[in-house]
Amino acid sequence: MREQEGGGGSRGGREGRPELPPQSPEEQARAICLRLLTGSPRTRRQLADALHKRGIPEEVSQQVLSRYEEVGLIDDAAFAGAWVESRHRGRGLARRALAQELRTKGVHATLVEEALEQLDSEQEEQTARQLVERKLRSTRGLERDKRIRRLAGMLARKGYPEGMALRVVRRALEAEGEETDGLE
């Protein structure tokens, strides 16, 4: 019995448990999906990619993933909505950046659009103002053009449209008494 307990194999042997018999591809797929979903929500494509990397046959993957969708363990629409909420509040990302992130995670375009409908342009602009206000302090003492580039660049990297970024930066600089003529 000691021989089975001591190893560090990938299929047991941990914490004194004996090795388990080999699993069928369906059991393996279910175990992989459940393990990944335990850590955090995942999209169907993320799970399909993980199953593919682990050599699970395509038809088995599709069968398991479809079943998990039926019972609500995989819900790309809910994932997209939660992602938009979390990343907008936490990181201040704008619609464009959020859409790109969701597309790379395999969320269908219609679900991306539905999730982004939670953000209205006023809310997006308010978040941009808050980001600029926080960054503004660290740019004091720099020449005006350098401040503008840094502030607008920060917003651009977070996916804000150029027009909105410049408008928000201009207003923030004006509120500080900075001259903004020629900035559009």
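**Helix packing in the predicted model**

Trainee: At roughly what angle do the axes of H5 and H7 cross?

Mentor: The axes of H5 and helix H7 (residues 109-116) come within 9 Å of each other. Helices are DSSP runs of H or I with at least four residues, numbered from the N terminus, and axes are lines fitted to C-alpha atoms over the stretch in contact, with angles from 0 to 180 degrees between N-to-C directions. For H5 and H7, the crossing is at roughly 40 degrees.

Trainee: How is H5 then described relative to H7?

Mentor: The axes cross at roughly 40 degrees. Angles under 35 degrees count as roughly parallel, over 145 as roughly antiparallel, 65 to 115 as roughly perpendicular and the rest as oblique. H5 is therefore, relative to H7, oblique.

Trainee: How many residues of the H5 contact with H7 are nonpolar?

Mentor: Ala, Val, Leu, Ile, Met, Phe, Trp, Tyr, Cys and Pro count as nonpolar, Asp, Glu, Lys and Arg as charged, and the others, Gly among them, as polar. The contact has 1 polar and 1 charged residue. The number of nonpolar residues is 6.

Trainee: What should I know about the model and its numbering, and where does the numbering start?

Mentor: This is a predicted model in which local features need pLDDT of at least 70 and side-chain atom pairs count only at pLDDT 80 or more, while totals for chains, interfaces and linings use all residues. Side-chain values use heavy atoms, without hydrogens and water, and along each chain, as its sequence is written, residues are numbered from 1.

Trainee: How far apart are the axes of H8 and H10?

Mentor: Helix H8 (residues 121-139) packs on helix H10 (residues 162-175) at an angle of about 50 degrees. H8 and H10 are therefore oblique to each other, and H8 passes H10 in a right-handed crossing. Their axes are apart by 10 Å.

Trainee: Which charged residue of H9 meets H10?

Mentor: H9 (residues 144-157) and H10 have axes that come within 9 Å and cross at roughly 135 degrees, which makes H9 oblique to H10. The contact divides into 9 nonpolar, no polar and 1 charged. Ile-148, Leu-151, Ala-152 and Leu-155 of H9 meet H10, and so does the charged Arg-147.

Notes: Helix = DSSP H or I, 4+ residues; strand = E, 2+ residues; numbered from the N terminus. Left-handed = near helix turned anticlockwise from the far one by under 90°. Contact = heavy atoms within 4.5 Å.
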